[in-house]
Amino acid sequence: MVSRIIPVEAFDLVIFGGTGDLARRKILPGLFRRYCAGQMPDGARVIGAARSDMDAAGYKDMVADAIREFGGGRSCEDGTLDAFLDRLHYVAIDARGETGWSELTDLMRDSVQVRAYYFSVAPSLFGDLAERLHSHGLADDQSRIVVEKPFGRDLQTARALNASLAEHFDESQIYRIDHYLGKETVQNLMAVRFGNTLFEPLWNAQYVDHIQITVAETVGVGGRGEYYDKSGAMRDMVQNHLMQLLCLIAMEPPAKFDPGAVRDEKLKVIRALDKVEPHHIVRGQYAAGPDNPDFREAVGDARSKTESFVAMKVGISNWRWAGIPFYLRTGKRMSARSSEITVVFKARNHSIFEEDGEDHRNVLSIRLQPNEGITMKVTIKEPGPGGMRLVDVPLDMSFAEALGEDGGDPPDAYERLIMDVIRGNQTLFMRGDEVEAAWAWTDPIIDGWTARGDVPKPYDSGSNGPTDADQLLARDGRIWREVRP
Ligand code: NAD
């Protein structure tokens, strides 16, 4: 398997929040890996810009430590790390004041290359940064901004944020990151659907029984308690990540694989989502486990009504999907870390074989993490004598096994998305209207909980949510897929 790395133009990437957790864990180690892969052309620069008062040498030390800790052990020839560090600059800056802006402007003055500004800071600073980039003459046609989640906390705040960015940047310059879209398997989902003749004819209400999307985490709220208590699983996971996965699995084939066409089709899915009835949603809050406090203690609010788990049944009112349930669930402190989309096909309408009490149906599983890959369950004859006995076996396409080293160690989602920003490809980024449509669907659900004073059901840490979540499917004669590590 020959790796085909597409070169990018030289660029200047300014990371606002370049000393923060996200920059240290994901962005900088990701850039280093791209550097090792030969994707950082001569002249490309990375400029950390954050509040800490440090010099370039101090920043390089911090980045070197971050790469050693979070670089995933990617071996790089001796001296490569130093060569990468030579590309780094640092500016101590205040998004809300004047400190540092003239230094940044000086650094960028003669830049003739692609200029990307990564807003890896609290969302409350996004508008300030856009405003100051503009007032210092840094927001020109050649510049792009990358905006982290959360993008608003409801429709009103998302609209306000879109409006404040739009004052200084055109939509074509705004890259709203959802790192789920950068995952190899998520893009493979589109390749499988639209690159084969096999699946698309079956991808509809006539042949699909239902679809499940599970994003399960084993961790709790960790150090993000204060933020998470104001957010909850619905805002933190469903409105963005699960919604994006739902769009990709349910959308109509776009005419072309280009940003406008793909994002138009995703938007149509969100607009076709049914209003979710309260009895089609289950909220949960994790109880204490052997090694962890309960949710309320973790967020520091003994009366918190925020959900750490949500499961729901969602319908899409369009020709392709009418009547087919999509079951979504996500939560913290679940039994395993696992993200999977499963398409369960309908049973055969007639069997020529003797019934054996088994539910032989095709199931397509698209696994996002860990062990990215796609599995198709098919029914075959059990080998050996003794008549025709049926057995279900997986047709397994583990990327690591099928594609060798390159496929087994694909770029991390952040690496891929940053390179897409440099290339100017917005396909895997959320458009402003998509984000607003997702909030317009999510808001009434959250408002309903608030109005009813809804209290999430407790569930055991290490389980897969409250038993009501199982009931949600049992009522329809279905069961959740096992959450496999
Ligand atoms: P953090 O608190 O670790 O870092 C914040 C950074 O912002 C620091 O570099 C700090 O110096 C800088 N900063 C703070 N105030 C500033 C100001 N006035 N002017 C200039 N710089 C200032 O935060 P984080 O965890 O790195 O998160 C950054 C953003 O990424 C947030 O929007 C967060 O929601 C989002 N995000 C983070 C993660 C994650 O895993 N950490 C995941 C998804 C999204």
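The structure is a predicted model, in which local features need pLDDT of at least 70, side-chain atom pairs count only at pLDDT 80 or more, and totals for chains, interfaces and linings use all residues. Residues are numbered from 1 along each chain as its sequence is written, and side-chain values use heavy atoms, with hydrogens and water left out.The ligand is surrounded by 20 residues. The closest are Thr 19, Asp 21, Arg 25, Ala 95 and Val 121. By residue type, the shell divides into nine nonpolar, five polar and six charged residues. Here Ala, Val, Leu, Ile, Met, Phe, Trp, Tyr, Cys and Pro count as nonpolar, Asp, Glu, Lys and Arg as charged, and the others, Gly among them, as polar. Helix H1 (residues 21–36) gives the largest share of the shell, three residues. Helices (H or I, at least four residues) and strands (E, at least two) are DSSP runs, numbered from the N terminus.

The side chain of Thr 19 places an N or O atom 2.7 Å from an oxygen atom of the ligand. For Lys 149 the distance is 2.9 Å; for Arg 51 it is 3.1 Å. On its own, the ligand has 830 Å² of accessible area, and the protein covers 74% of this. Accessible areas come from the Shrake-Rupley method with a 1.4 Å probe; for residues, only the protein chains shown count as cover.

Lys 149 also takes part in a cis peptide bond. This bond runs from Lys 149 to Pro 150, with omega near 0°. Pro 150 sits in the loop between strand S5 (143–147) and helix H6 (155–166). Gln 369 and Pro 370 are likewise joined by a cis peptide bond, with omega about -15°. Pro 370 belongs to the loop between strand S12 (363–369) and strand S13 (373–381). Arg 333 is not a glycine, yet its phi is positive, about 55°. Arg 333 lies in the loop between strand S10 (326–331) and strand S11 (338–345).

Helix H13 (residues 432–452) has 21 residues. From first C-alpha to last, H13 reaches 30 Å, close to the 30 Å expected at 1.5 Å a residue. The expected span is 1.5 Å times one less than the number of residues. H13 bends by about 30° at Thr 442, and Pro 444 follows within four residues. The bend is the angle between axes fitted to the seven residues ending at a residue and the seven starting there. After H13 comes Gly 453, with a positive phi near 65°.

Definitions and conventions
A residue is near a molecule or strand if one of its heavy atoms lies within 4 Å of it. A polar contact is a pair of N or O atoms within 3.5 Å; within protein, one must be able to donate a hydrogen and the other to accept it, and residues adjacent in sequence count only if both atoms are side-chain atoms.
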